[in-house]
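Here is a short briefing on one protein model. Keep the sequence and the coordinates open while you read.

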Amino acid sequence: MPVLHVFKFILRGDTPQSEADRVCSGFLELQTRCKKDNKPYISSMKGGRQISDAKSKTPSLQYVFVCEFKSEQDLEDPTHRAYASTLKPHAAEIQGMEFGVGKF
């Protein structure tokens with residue numbers, strides 16, 4: 001069963017834009033870098049910067065990524081998990097959750 005991973009974060013205010021671009025580009029590159037048996041296991045990945053914050057009355061997270069994994073076991077792959085170490089030094093807040101598609 002496919003699993004969706006939603007990942008949201010705020011970068012610290014002192015993070016240069018060039019580093020924000022590197023972190024976000026690297027996240028998107030996981031779709032081709034994460035492989036099992038030499039085949040990618042992330043079916044799709046989309047992400048971007050929050051655009052509705054100006055309309056919101058409550059602060060929100062700046063960036064969001066939605067990744068579709070082929071299975072729940074693929075979430076535990078070390079390539080995917082290791083990417084967090086790239087983000088953590090720049091993050092003020094991180095939130096993530098996974099859910100099975102259509103599983104209630």
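In β5, Y63 is the bridge partner of F9. Strand β1 (residues 3–11) pairs with strand β5 (residues 63–69) in the antiparallel sense, over seven bridges. Strands count as paired if DSSP finds at least two bridges between them. The model is predicted: local features need pLDDT of at least 70, side-chain atom pairs count only at pLDDT 80 or more, and totals for chains, interfaces and linings use all residues. Residues are numbered from 1 along each chain as its sequence is written, and side-chain values use heavy atoms, with hydrogens and water left out.

**Sheet**

- Four strands make an open sheet, ordered β4-β5-β1-β6, with antiparallel pairing.
- β4 (42–49) and β6 (91–100) stand at the edges; each has a single partner strand, so one side of each lacks a neighbour in the sheet.
- Neighbouring strands of this sheet are turned by 10° against each other on average, direction ignored.
- Strands are DSSP runs of E with at least two residues, helices are runs of H or I with at least four residues, and both are numbered from the N terminus.

**Helix on the sheet**

- Helix α1 (residues 17–33) lies across β1, β4 and β5.
- The helix α1 runs at about 160° to β4.
- Axes are lines fitted to C-alpha atoms, for helices over the stretch in contact, and angles run from 0 to 180 degrees between N-to-C directions.
- Contact means heavy atoms within 4.5 Å.

**Loop between β2 and β3**

- D37 is found in the loop between β2 (35–36) and β3 (39–40).
- N38 has its place in the loop between β2 and β3 as well.
- Phi of D37 is near 55°, a positive value in a residue other than glycine.
- N38 is not a glycine either, yet its phi is positive, at about 65°.
- D37 counts as exposed because its relative accessibility is 71%.
- N38 counts as exposed because its relative accessibility is 65%.
- Exposed means over 50% relative accessible area, buried under 20%, and partly exposed in between, with a 1.4 Å probe and protein chains only.

**Cysteines**

- The structure holds zero disulfides, a disulfide being a pair of cysteine sulfur atoms within 2.5 Å.
- For C24, the closest cysteine sulfur is that of C67, at 12 Å, too far for a bond.
- For C67, the closest cysteine sulfur is in C34, at 8.8 Å, which is also too far for a bond.
- C24 is buried, with a relative accessible area of 13%.
- C67 is buried, with a relative accessible area of 1%.
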